[in-house]
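Open the model in your viewer and keep the selection panel at hand. Each stop below says what to select and what is there.

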Amino acid sequence: MRYVMESTDEARRLLVQERTGNAREALLLTGLQQGDRVLDAGCGPGGITEMIAELVGPTGHVTGLDLSEERLAQARQVNQRHAHVRFQPADVRRTGLPDAAFDYTWCQFVLQYVPDRWDALAELARVTRRGGKIVVSEFDGFGLGNWPCPEPLREWCLRFTDALQRTVGLDVHVGRKVFHAMRQMGLAQVRVHLLPQYVIAGTADASTYLDWETRFSALEPAVAPLLGGLEDYRGMCQKYLELLADPDALKYSVLLVTEGIRP
Ligand SMILES: C[S@@+](CC[C@H](N)C(=O)[O-])C[C@H]1O[C@@H](n2cnc3c(N)ncnc32)[C@H](O)[C@@H]1O
């Protein structure tokens, strides 16, 4: 399975996102505790793994898992001072990890990419002990919360997200679907927390701007053909970047952090 957002800049983009995002708040809100044995499924370059390692302390343990050897190499470097962290290459759908090995399983911004995402969720439940917690953090409506968003950009944003779903299977509404999936799987005490992913009231900072440039360029080969070809695609991406720079426009996105307990 190819990770669609791959680019030479992806590790830097993810680390900035991990360090400036709301992961710490989500981890605390969902009851991560000192001494927990934790799985960070789809850990990327390890910024959140590091946060988890600090929160569980040396009496706990963290396993970071990712498909990409490159991401894992970066994650090992970021976490080199933590002896209670280890990394392993695996697919989140078939981890090869033993049953019931973790107290707390964390998975952020991964299920959005995975075609058989609910099989992956079942796998995360399998490796979590009975009474342990599975926490999935995902955005909902990513890239669509902009106002004012003049035509034709507003309509293009809808076509862009539809093209993502049809070409690379990326679901920008995955966040709202996790609650139902966890209930259907029979997880107990399923709860949802709503957190901001970002709120840009006015001009976006340089790092957000670069983040979107990287994203548009990584997705270009897959989605441009469905959106009128390269020239049209680049023109509309440019309009989106101008919207980010608009001092009078609001841009926001929410995170839905869903937790459930393995019965
Ligand atoms: C957007 S990044 C998220 C990284 C990190 N969880 C975070 O919150 O910043 C998605 C990560 O999931 C990994 N990934 C994608 N599909 C995967 C799969 N099927 N199994 C394991 N990892 C996967 C990618 O290699 C990438 O590192």
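**Before you start.** This is a predicted model: local features need pLDDT of at least 70, side-chain atom pairs count only at pLDDT 80 or more, and totals for chains, interfaces and linings use all residues. Residue numbers start from 1 along each chain, following the sequence as written. Helices (H or I, at least four residues) and strands (E, at least two) are DSSP runs, numbered from the N terminus.

Stop 1: Seven of them form an open, mixed sheet in the order 3-2-1-4-5-7-6. Which strands stand at the edges? They are strand 3 (85-89) and strand 6 (188-201); each has a single partner strand, so one side of each has no neighbour in the sheet. Neighbouring strands are turned by 20° against each other on average, direction ignored. Strands count as paired if DSSP finds at least two bridges between them.

Now select residues 37-41 and 102-108. These are strand 1 and strand 4, which pair in the parallel sense over three bridges. In general, strands of a sheet pair through backbone hydrogen bonds, either parallel or antiparallel.

Axes are lines fitted to C-alpha atoms, for helices over the stretch in contact, and angles run from 0 to 180 degrees between N-to-C directions.

**Stop 2: helix 6 on helix 8.** Select 153-168 and 206-223. Helix 6 and helix 8 pack at about 65°, with their axes 10 Å apart. They are therefore roughly perpendicular to each other. (Angles under 35 degrees count as roughly parallel, over 145 as roughly antiparallel, 65 to 115 as roughly perpendicular and the rest as oblique.) The crossing is left-handed: the near helix is turned anticlockwise from the far one by less than a right angle, while clockwise would be right-handed.

Show side chains. F160, A163, L164, T167 and V168 in helix 6 meet L219, A222 and V223 in helix 8. Contact means C-beta atoms, placed from the backbone, within 7 Å. By class, this contact has seven nonpolar residues, one polar and no charged. (Ala, Val, Leu, Ile, Met, Phe, Trp, Tyr, Cys and Pro count as nonpolar; Asp, Glu, Lys and Arg as charged; the others, Gly among them, as polar.)

**Stop 3: helix 8 on helix 9.** Helix 8 and helix 9 pack at about 165°, axes 10 Å apart. That makes helix 8 roughly antiparallel to helix 9. Their crossing is right-handed. From helix 8, the contact includes W212 and F216; from helix 9, Y233 and Y240 are among the partners. Its residues divide into eight nonpolar, one polar and two charged.

Stop 4: Most residues other than glycine have a negative phi, and most peptide bonds are trans. Select W147 and P148: their peptide bond is cis, with omega near -5°. Then take E151 and P152, also joined by a cis bond, omega about 5°. P148 is in the loop between strand 5 and helix 6, and P152 is in the loop between strand 5 and helix 6. Last, go to A100, in the loop between strand 3 and strand 4. A100 is not a glycine, yet its phi is positive, about 55°.

Notes:
Two residues are in contact if their C-beta atoms, placed from the backbone, lie within 7 Å.
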